[in-house]
Every structure is written in C-alpha cells, then in structure tokens.
Amino acid sequence: MKAMVFSDLITARNSLGALLGITVFVAAFIAVGSGTLLVAAACMTAMVPFMYLFSISAYDEQNGWERFRLTLPISRRQVAYGRYLSMLIITGIAVIVSLLGCVALGLVADVLPAGMVAEGLMLSHADVEAILVVVMAVVLMLLFSAAFTLPLVLRFGMTRGARIVPVVLMLALSAIMVLAGSDAAAPGVQELLSGPHALIMAGAFIVMLVLYGASAWLSGRLYEHRDI
Amino acid sequence: MDVLMRAVDVSKRYDGFMLDDISLSVPAGTVVGLVGSNGSGKTTTIKALLGMIEVDGGIIELLGCDPVAAGAQLDAVKQRVGVVLDTCAFPVTMRVRDVATLGRGAYAHWDGARFVQLCERFELAAKKPVKDLSRGMGMKLTLAFALAHQPQVLVLDEATAGLDPLAREEVLDILCSFMEEQDHAILMSTHITTDLERIADEVVCIADGRIAFRLSKEAICDEAGIARCRAADKERIASASVLPRGALRMMQRGMGIDVLVPDRFAFGRTFPDIPVDRASIEDYMTIALKGEAL
C-alpha cells in the first residue's frame with residue numbers, strides 16, 4: 001500500500017503547490033469579503049482535498065495509467081486502500097495549511113491600520129474554538145463525500161462515476177435531512193448540537209472514521225472485480 | 001528449462017470478442033514474439049498472463065504462480081516482471097525524476113543508477129515533464145522504468161512502436177543485453193515483425209482470439225519459403241505435394257500465386273523450376289492469415 005500512497009502523492013505533488021497557492025489566495029479574498037476568518041478556514045480546508053479527490057481519479061484514466069499501475073507490485077485492494085489513505089494525508093495537509101493560513105491572515109490583519117479590515121479577521125479577535133470547529137466540520141464533510149464518492153469512482157471509473165456521484169450524494173443528504181427532521185431523530189440531533197463541541201466532534205469523527213473504513217473495505221472489493 | 005510464463009487453454013469472453021483456448025509458454029532464455037492483427041487478442045493475452053484480468057477458463061502461470069489466485073504472493077512475483085505497454089502511462093503531472101521516485105517506492109530491487117544511466121542513454125532529462133515527452137521518448141522512459149528494477153521477465157506490448165529506426169535499434173540492443181542472463185525471458189507483442197526477426201526465438205500468431213500458428217523463428221525465416229508460382233502450377237503443386245491437401249496456403253499476386261511452403265528446400269528439390277524465396281515473419285503471417293488453402 002505504501003507504493004500506492006507514494007504513487008498518488010507523487011502524482012499530486014507537482015500540482016499541489018499551485019493548488020495550495022490558489023486556495024490561500026481565494027481564501028484571503030473570501031475572508032476580506034466576509035470579514036471573518038471562519039469562511040477562510042473552511043475554504044482552505046475544503047478546496048485542496050476536493051480538487052485532489054477528483055483530479056487524482058481523473059489521472060487514473062489518462063494514458064492507461066490505471067492499467068499500467070496494475071503491473072506494478074500493488075494489489076487491487078492496495079490501490080483502493082492507498083487512495084483512501086492518500087486522501088486522508090491530503091486532508092491532513094489541508095487542515096495544517098488552513099490553520100497556518102488563518103494565523104497568517106490574522107497576523108496581517110492585526111498589523112493593518114485600524115478600520116481597514118473587519119475585526120473578525122484579526123488574530124487578536126479570533127474565535128479559535130470556532131475556527132477549529134469549522135475546520136473539523138469541513139473535514140467531516142470531506143470524509144463523508146470521499147466515503148460516498150470513492151467506491152463509485154473505483155468501481156465505474158471517473159468518467160462514469162462522476163455522473164453517478166452527485167445522484168448518490170443528493171440521495172444520501174436527503175436521507176440524512178429527512179432523518180434529522182423526523183420526530184424520532186430530532187431530539188437526539190438537538191441534544192447533540194447543544195452539547196460540548198469537543199464531544200460532538202469526537203463522536204462524529206469516530207462515526208465518520210468507521211464509515212470511511214467501511215467505504216474503503218467496500219471499494220477494495222469492488223475494485224478487485226473491475227475490468228480495466 | 002524453466003517456464004517463466006505459461007498459458008494453457010486460456011479463454012476469456014467479452015461482448016463481441018472471445019479469447020479461445022490460448023496456449024503459449026515463455027521459457028527462460030527465450031524471446032517469444034506475439035503477432036497478429038489489431039484486435040486479435042494479443043493485449044488480452046498479455047493482460048491475462050499478468051493477472052490483470054480474470055480469465056473464464058484455462059491455467060495461467062507467471063513465475064510459477066497463478067496471478068489471479070496468488071493474492072499477496074503476486075506482489076513478490078511482480079517485483080520480477082518489467083512491463084512496457086503500448087503507451088507511456090505515467091501521469092502527465094510527473095517528471096522523469098518522479099518516475100524514479102515511484103520506482104524506488106514500488107520495487108525492492110530498484111536500481112537508481114541504472115535508471116539514470118538509461119535515461120542518459122535515451123536523452124531523457126530528469127526535469128522533463130511526462131506531458132512534454134513525444135510518444136517515442138515516453139516509450140523509452142517506460143522501458144527505462146521496466147529495466148531499472150532488475151526484472152527476470154520483460155513483457156512488451158508494442159514497445160518499439162513510435163520509435164525512430166535508430167532508437168529502435170538501440171532498444172533492441174538493450175533487449176539483447178537483457179537476454180544475456182540465462183534466466184531472463186521476454187514476451188514481446190509487436191506489429192514490427194522485423195524486430196522479432198532480430199531477437200525472437202519463437203513466434204506466436206493470434207488471430208480472432210485463437211492461436212493461428214506457433215513456430216520457432218528458424219522454422220519461419222530459415223526453413224519456410226514463399227514459392228512464386230504461375231497460376232498453371234497450382235494444381236501440379238497441390239497434387240504432388242508431400243503434404244496433405246489443404247496444408248499449403250496460397251495467395252493471389254497479380255498474374256501469379258504465392259504459396260507458403262513449410263520447407264523451402266524440400267519444395268525446391270521437388271519443383272526445381274519454381275523459384276522459392278525466404279519467408280519473412282510478415283510474409284508468413286500474411287499468407288497464413290489471409291491466404292486460402294491450396
């Protein structure tokens with residue numbers, strides 16, 4: 001699996017720098033426009049992993065790379081598991097970049113003359129807990145999306161998978177909204193949201209990691225029987 | 001002699017195509033050429049031999065193990081197999097030096113110095129992005145990658161396609177050097193049959209998913225021949241031949257006919273008045289596949 005993760009990260013490496021640069025640039029504009037670091041944090045956390053997820057899957061289909069990769073000493077299951085692991089690594093990098101980016105933006109806002117930018121952008125006024133919650137919430141959303149997207153992409157390929165992913169995601173989100181809005185589920189959700197953030201996040205992360213692991217397991221099996 | 005790759009009665013069915021009872025073997029110390037028209041089943045055969053597809057029937061052995069059932073053992077087997085498919089498949093975002101990094105991560109016996117040496121020989125700059133490589137340069141990069149992890153078996157699918165004659169000559173030299181080790185072997189699918197005339201020991205021809213013929217290169221290029229006959233000679237050859245009727249194949253060529261004869265010396269003794277040329281692999285394949293029984 002190490003070779004597969006290696007392969008994914010090498011493939012992404014040359015475009016990752018540019019993607020990160022664009023992300024920080026876009027996040028800075030959004031932050032100035034919205035007057036808060038929270039949106040910038042969400043933007044910086046989400047953009048690169050999302051772009052990575054789809055671009056790395058698209059590279060698989062270029063020039064027969066997916067077919068050639070099967071000739072390397074990497075099993076099909078390792079291909080699937082490696083893709084999940086590389087997505088986690090990229091998400092981790094995005095979290096670090098996002099937090100560092102928020103600190104950098106906040107520091108810049110601090111040294112600017114008073115009144116030039118909104119107070120919400122300044123590090124001295126930053127709600128660190130809120131930023132962390134936003135970043136973690138985005139990570140949960142990313143993992144959720146990857147957990148639904150990757151089995152479809154690994155089973156059908158990026159071209160066909162890209163057509164199916166939005167449908168499945170919308171159905172999944174609708175199902176969640178219906179459940180959250182139903183009488184039976186609502187008290188539980190309300191209770192969860194009013195509890196301490198750390199506990200909510202920890203619980204959500206455990207659930208998400210279980211879902212992510214199950215998705216990886218499923219992808220491994222689906223990919224084993226795909227004609228490439 | 002150890003057989004490094006073997007297919008026995010392998011079949012694989014797709015919509016509109018079927019690989020049917022393919023049997024071939026690649027013993028150590030030999031170069032086996034795979035020829036046939038486009039869509040005949042050469043690449044499917046290679047994919048089956050490498051365990052890239054599950055076959056519907058038959059037996060596959062790659063370095064002594066079934067590549068589909070091998071599981072984790074297959075990774076160890078693939079460490080000893082170098083593959084060059086018909087395109088430079090590395091992601092376009094990679095540079096030449098990234099390919100070396102990939103090799104180092106994937107192969108236990110990756111020889112970085114050998115890769116650099118081959119890249120220098122092929123004039124592949126380390127900083128060059130894969131997307132900027134011509135088809136020929138891309139194939140050279142793939143070949144350098146395949147050779148740098150010290151494989152025991154090389155599987156080449158149209159590896160010399162797109163190379164200029166000088167580069168092809170260079171690649172064939174490298175393949176000859178590779179074969180200096182007694183336990184090495186090459187399975188090489190190609191449309192450039194002159195490459196096989198230079199390095200192959202055996203030629204396997206696949207047509208419509210079946211083996212059309214499997215012969216040593218000597219049987220084709222040294223023993224077989226093309227008899228340049230007049231139309232009037234046709235009946236005489238058919239009736240006088242020591243071979244059973246229908247065993248010879250012929251093809252109309254303008255006013256005359258070309259007859260593919262398995263033993264040009266024996267034919268020459270029987271018909272001294274009919275000129276017989278040596279057969280090239282291409283001649284042999286063309287008449288064997290497109291010709292009609294005499």
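In this structure, Met250(B) stands opposite Val259(B) in strand E12 of chain B. The model is predicted, so local features need pLDDT of at least 70 and side-chain atom pairs count only at pLDDT 80 or more, while totals for chains, interfaces and linings use all residues. Residues are numbered from 1 along each chain as its sequence is written, and chains are lettered from A and ligands numbered from 1 in the order in which they are written.

**Around strand E12**

- Strands here are DSSP runs of E with at least two residues, and helices are runs of H or I with at least four, numbered from the N terminus.
- Strand E11 (residues 249–253) of chain B is joined to E12(B) by five bridges, and the two run antiparallel; strands pair if DSSP finds at least two bridges between them.
- A hairpin is formed by E11(B) and E12(B), with two residues between them, and Gly254(B) in the turn has a positive phi of about 60°.
- Strand E10 (residues 225–230) of chain B also runs antiparallel to E12(B), with six bridges joining them, and Gly225(B) stands opposite Val261(B).
- Why is strand E12 (residues 256–261) of chain B largely enclosed by the rest of the structure? Five of its six residues are buried, where buried means that 20 or more other C-beta atoms, placed from the backbone, lie within 10 Å of the residue's own.

**The sheet E2-E1-E4**

- Chain B has an open sheet of three strands in the order E2-E1-E4, with antiparallel pairing.
- Strand E2 (17–27) and strand E4 (57–62) of chain B are at the edges with a single partner strand each, so one side of each has no neighbour in the sheet.
- Five bridges link strand E1 (residues 3–14) of chain B to E4(B); Ala7(B) has Ile60(B) as its bridge partner in E4(B).
- Helix H1 (residues 42–49) of chain B packs on the sheet and touches E1, E2 and E4 of chain B, with its direction at about 120° to that of E1(B). Such angles run from 0 to 180 degrees between N-to-C directions, using lines fitted to C-alpha atoms, for helices over the stretch in contact.

**Two domains**

- Chain B is divided into domain 1 (3–217) and domain 2 (224–293), with bounds from an automatic or database domain assignment.
- The C-alpha centres of these two domains of chain B lie 34 Å apart.
- Nine residues of domain 1 of chain B are in contact with six residues of domain 2 of chain B; contact means C-beta atoms, placed from the backbone, within 7 Å.
- Helix H7 (193–199), strand E8 (202–207) and strand E9 (210–216) of chain B each supply at least two residues of the side of domain 1 that touches domain 2.

Methods
Two residues are in contact if their C-beta atoms, placed from the backbone, lie within 7 Å. A residue is buried if 20 or more other C-beta atoms lie within 10 Å of its own, exposed if 12 or fewer, and partly exposed in between; C-beta atoms are placed from the backbone.
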